[in-house]
Amino acid sequence: MMYLNKWYLSIRICFVFSLIIPPPVVAEEHTDIQLLVFATQAKPPLSLFLKSVMQEALKPLAIEMEMLEMPGNRTISEVHNGRVDGDLGRIKNLKTISDMDVANYLVVNEPVIVSSLVLITRAGVTSPNIINWETVNQYSVAYVRGAKLVQSNLKTKQRVGVTTPKQALEMVASSRVDATVLMLPIANNLLSQHTNLTKSLKIHAPVLMPVQLFSYLHKKHAKLIPKLEKSLENLKHTDYFEKIALKYELIAIDGAQKPSISKIKETNPSHH
């Protein structure tokens, strides 16, 4: 009986203390972020532009950032699974065209850049009168795996996946495929570095299509997105975008434009 009384008393004491001592306070998720790690499939100079813009946009939020360049499919996997905080440059309708799970991707709904996709063939190929996806699908095409916009527009039988843009250019130069489709700044940068490819290849004009790129964050950072959108919007009312674009020889931006997407005038390819 004495044993039972002691047990009953201990239970009552624990109950009283549970009323007196409040439960531990759970910190609000992701409100004290000091560093964000972004991945990107983009190559220089586009990747450097995206990194610079994101660094500047995060400064008012007192957040630093790091960029990891990795293959496109791995980028999606790392961001979707939350091992990386965000993806620096993807199209806005990624979720509708991706063949991979991107349910945890949340778009930062403020465009970062408008670039261009271009058709590249061997130097002797005559430029088509009209350059569109129907034209492109008349060729066998090397594409960079993880480039979901390009992949989704190519016929399965006509496409050959490679890991890097340089490999795509080499496939065309060696006549293993007829063509490739790449972002213009990345293609120009690679051709300027590899003169053997410059002599062998041709960037066709006009461009295949303009492409707006947006940044994405993992859904765990959902509360940060409105602040980041506002910071990017504010940045567009300065001359920062123009300066950093000129630094990387990407684009010229009409800073007087008020809408969220600045007017882009992209230099015509020099390799016609």
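**Close-up views of a predicted model**

**View 1. Arg-90 and its salt bridge with Asp-87.** At 5% relative accessibility, Arg-90 counts as buried (under 20% relative accessible area, with exposed being over 50% and partly exposed in between; 1.4 Å probe, protein chains only). The model is predicted: local features need pLDDT of at least 70 and side-chain atom pairs count only at pLDDT 80 or more, whereas totals for chains, interfaces and linings use all residues. Residues are numbered from 1 along each chain as its sequence is written, and side-chain values use heavy atoms, with hydrogens and water left out. The partner of Arg-90 in a salt bridge is Asp-87, their closest N and O atoms lying 2.8 Å apart (a side-chain nitrogen of Lys or Arg within 4 Å of a carboxyl oxygen of Asp or Glu). Asp-87 is likewise buried, with a relative accessible area of 0%. A search of the whole structure finds ten such bridges.

**View 2. The salt bridge of Lys-236 with Glu-110.** The two side chains meet at 3.2 Å, N to O. Lys-236 lies in the loop between α10 (225–235) and α11, while Glu-110 is in strand β4, so the bridge ties together parts that are 126 residues apart in sequence (helices are DSSP runs of H or I with at least four residues, strands runs of E with at least two, numbered from the N terminus). Both Lys-236 and Glu-110 are buried.

**View 3. The salt bridge of Asp-239 with Lys-243.** The closest N and O atoms of Asp-239 and Lys-243 are 3.4 Å apart. Asp-239 is partly exposed, with a relative accessible area of 41%, and Lys-243 counts as exposed at 54% relative accessibility.

**View 4. Aromatic pairs, of which the structure holds two.** The ring centres of Phe-49 and Phe-241 are 6.3 Å apart and the planes are at 65°, so this pair is edge-to-face (rings of Phe, Tyr and Trp, the last by its six-membered ring, pair if their centres lie within 6.5 Å; planes under 30 degrees apart count as stacked, over 60 as edge-to-face and the rest as tilted). Phe-49 belongs to helix α2 (residues 46–58) and Phe-241 to helix α11 (residues 240–247), so that distant parts of the chain, 192 residues apart, are linked. Phe-49 and Phe-241 are both buried. In the pair of Tyr-105 and Tyr-216, the ring centres are 5.3 Å apart and the planes are at 55°, so the arrangement is tilted. This pair also links distant parts of the chain, with Tyr-105 in strand β4 (residues 105–122) and Tyr-216 in strand β9 (residues 209–218), 111 residues apart. Tyr-105 and Tyr-216 are buried as well.

View 5. Val-79 is buried, at 0% relative accessibility. Beyond its neighbours within four places in sequence, Val-79 is in contact with Val-84, Gly-86, Asp-87, Tyr-105 and His-218 (contact being heavy atoms within 4.5 Å). Between Val-79 and Val-102, 23 residues apart in sequence, the C-alpha to C-alpha distance is 8.4 Å.

**View 6. Backbone features at Pro-45, Pro-206, Ser-175 and Glu-249.** Most residues other than glycine have a negative phi, and most peptide bonds are trans. A cis peptide bond, with omega about 0°, joins Pro-44 and Pro-45; Pro-45 is in the loop between β1 (35–40) and α2. Ala-205 and Pro-206 are also joined by a cis peptide bond, with omega about 0°, and Pro-206 is in the loop between β8 (201–203) and β9. Ser-175 has a positive phi, near 65°; this residue is in the loop between α7 (165–173) and β7 (179–183) and is partly exposed, with a relative accessible area of 48%. Glu-249 has a positive phi near 55°, lies in the loop between α11 and β10 (252–254) and counts as exposed at 73% relative accessibility.

**View 7. The largest pocket, with a volume of about 450 Å³.** A pocket is an open set of points, on a 1 Å grid over the protein atoms alone, where a 1.4 Å probe fits, with protein on both sides within 12 Å along at least five of seven lines; lining residues have an atom within 4 Å of a point. Grid points are joined across faces, edges and corners, and the volume is the space filled by probe spheres set on the points. The lining comprises 28 residues, of which Gln-41, Ala-42, Gly-146, Ala-147 and Met-183 lie nearest the centre. At least two lining residues come from each of α2, β3 (86–90), α6 (148–153), β7 and β9. By class, 19 lining residues are nonpolar, six polar and three charged (Ala, Val, Leu, Ile, Met, Phe, Trp, Tyr, Cys and Pro count as nonpolar, Asp, Glu, Lys and Arg as charged, and the others, Gly among them, as polar).
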